[in-house]
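Please consult the sequence and the model shown here while reading.

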Amino acid sequence: MRQAQELWESRRHQYWSEARGYLKLILNSGFVISVYFLFIFLTVYYQQFVEQMPVDFPLVPLLTVLFTWRLTAGSIRTFVKPADVVFLLPYETKMSVYFNQALRYSSMWQASYIVLLFMACGPMFTERIGTGATFWLALLFLLLIKIWNLLCVWQEQRLVAKGERYSNMALRMLINAVAAYLLFAQAPVWLIVAIVVLMAILYKGYWQPLEKKHSLKWERLIEVENQMVMFFYRIANAFTDVPQLRNKVRERTYLQWAVQLLGGKKDAVYHYLYARTFIRANDYLGTYLRLTIVGGLFIYVLPLGWMKLAMALLFTHITMMQLSTLSFHHSASIWIDLYPIKPEEKKQALTYITARLLFLLAIVYGVVAVVTSDLLYGVLILVASALLGLYGSQTLVHRKKGKYRRVR
C-alpha cells in the first residue's frame with residue numbers, strides 16, 4: 001500500500017517537474033499577453049451584454065449545452081507508462097491506493113473546470129435564474145454530477161470495444177442534459193433530487209458491476225494518458241521545441257490541390273515542404289481553421305466597428321504565433337540539412353506561406369466585418385490585418401525559434 005502511494009507521488013512529481021519548464025515558457029510569451037487583453041476586452045463586453053440581455057435570449061438551452069458538454073467530457077489522469085503493462089500488471093490487486101489517488105486527483109481538476117465555467121456564466125445565472133442559496137446549490141449539484149461522471153468513466157475504461165464506450169458516454173450525456181436542463185429551468189427540488197437518486201441507482205446497478213465483469217485494461221489507461229500528455233505537448237510546442245512530441249502525419253489526399261495554392265511547387269523544395277507540413281502534419285491546419293472560425297464569430301457578434309478591428313488584429317497575432325512553429329517543425333530531422341539549398345531559401349519559404357495564410361485570414365475577417373458592419377470598417381480590418389500579417393511573416397515568425405530554448 002505504501003509503495004503504491006509512493007509510486008503515485010513520484011509519477012505526479014515527475015510530470016509536474018517537466019510541465020513547469022514548459023509552463024514558464026508559455027507564461028513568459030506574448031501569447032499570454034494576447035489572452036490577457038482578450039479576457040479584459042471580453043469582460044467589459046460581457047458585462048454590457050448581461051445588462052442588456054434580451055428577454056427572449058435562450059439562456060437555459062445555452063447553459064444546458066455548455067454544462068452537458070463539460071459534465072460528460074473528462075478523463076482519469078493515472079500517469080501510467082507503457083512499461084507498466086509488464087512491471088505493474090502482476091501487482092494490479094495491490095494498486096487500489098494508486099488508482100484511488102488518480103480518481104481524487106482527476107476529480108479535483110475536473111471540478112475546477114466546472115467551477116470556472118459556472119463562475120463565467122454566473123452573471124447570466126444571477127440575472128435570470130437566481131442568487132444566493134440558489135446559486136451555490138446549483139454549483140454543488142453540478143459538482144456532484146461531475147464526480148458521478150468520473151466514477152462512471154473509470155468503470156467504462158474496462159470495456160474493450162469503442163462502441164460500448166461510446167454508447168455508455170451517450171447514455172451519460174443524455175442523463176447530464178436532462179439534469180442540467182431541470183436545474184437551469186428551475187424545476188421543483190424533488191425532481192432534481194430524484195435525478196440524483198436515479199444516478200446513484202444507475203451507478204450501483206450498471207456501472208459499478210463492470211468492475212466484476214471486466215478486468216482493468218492497462219492498454220486503455222496508457223492510451224488515455226498518452227492522449228492527455230500529447231495534448232499538453234502540442235500546446236507547449238507552439239512556444240518551444242518539444243522533443244517528446246510524436247508528430248502525426250495524415251494523408252489528406254483530398255487537399256493535395258491546396259499545396260500548390262500555398263506555393264508548394266516541387267521545384268521549390270522548402271515551399272513544397274512547408275505547404276505539405278501545414279496541411280498534413282500535427283494539427284496546423286486544424287488550429288488555423290479553428291482560430292479563423294472563432295475570430296470570425298467574435299467579429300460577427302461584436303457590435304462596434306473598433307471592437308471588430310481589435311479582435312481581428314488580436315486573432316491575426318495569435319494565428320501568426322501558431323504558424324511560427326512551422327519554423328522548427330523539421331529541426332530534429334538531419335535529412336533536411338542534406339538539401340543543397342541555401343538557408344535563406346528556407347526563411348523565404350516560411351515567409352511566403354505564412355504571408356499567404358495570414359492574408360487569407362485578413363480577407364475572411366474583412367468580409368465578415370462588411371456583412372455585419374459597414375464597408376469602411378471592412379476595408380480597415382482587411383488592410384490592418386494584412387499589414388500585420390505581412391510584417392509578422394517577415395519578422396515575428398522567424399524570431400520564435402531562437403527566442404525559446406528547448407526544455408530538457
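Asparagine 176 belongs to helix α8, which spans residues 162–184; helices here are DSSP runs of H or I with at least four residues, strands are E runs of at least two, and both are numbered from the N terminus. The model is predicted, so local features need pLDDT of at least 70 and side-chain atom pairs count only at pLDDT 80 or more, while totals for chains, interfaces and linings use all residues. Residues are numbered from 1 along each chain as its sequence is written, and side-chain values use heavy atoms, with hydrogens and water left out.

With a relative accessible area of 0%, asparagine 176 is buried (under 20% relative accessible area, with a 1.4 Å probe and protein chains only). Its side chain forms a polar contact of 2.9 Å with that of threonine 72; such a contact is a pair of N or O atoms within 3.5 Å, and within protein one must be able to donate a hydrogen and the other to accept it, while residues adjacent in sequence count only if both atoms are side-chain atoms.

## Loop residues with positive phi

Phenylalanine 79 sits in the loop between α3 (59–72) and α4 (84–87), and its phi is near 60°. Phenylalanine 79 is buried, at 4% relative accessibility. Glutamine 186, in the loop between α8 and α9 (189–207), also has a positive phi, near 60°. Most residues other than glycine have a negative phi.

## Two helical spans

Residues 132–154 are 96% helix and 0% strand, with end C-alpha atoms 34 Å apart. Residues 375–397 are likewise 96% helix and 0% strand, and their end C-alpha atoms lie 31 Å apart.

Notes. Buried means under 20% relative accessible area, exposed over 50%, partly exposed in between (1.4 Å probe, protein chains only).
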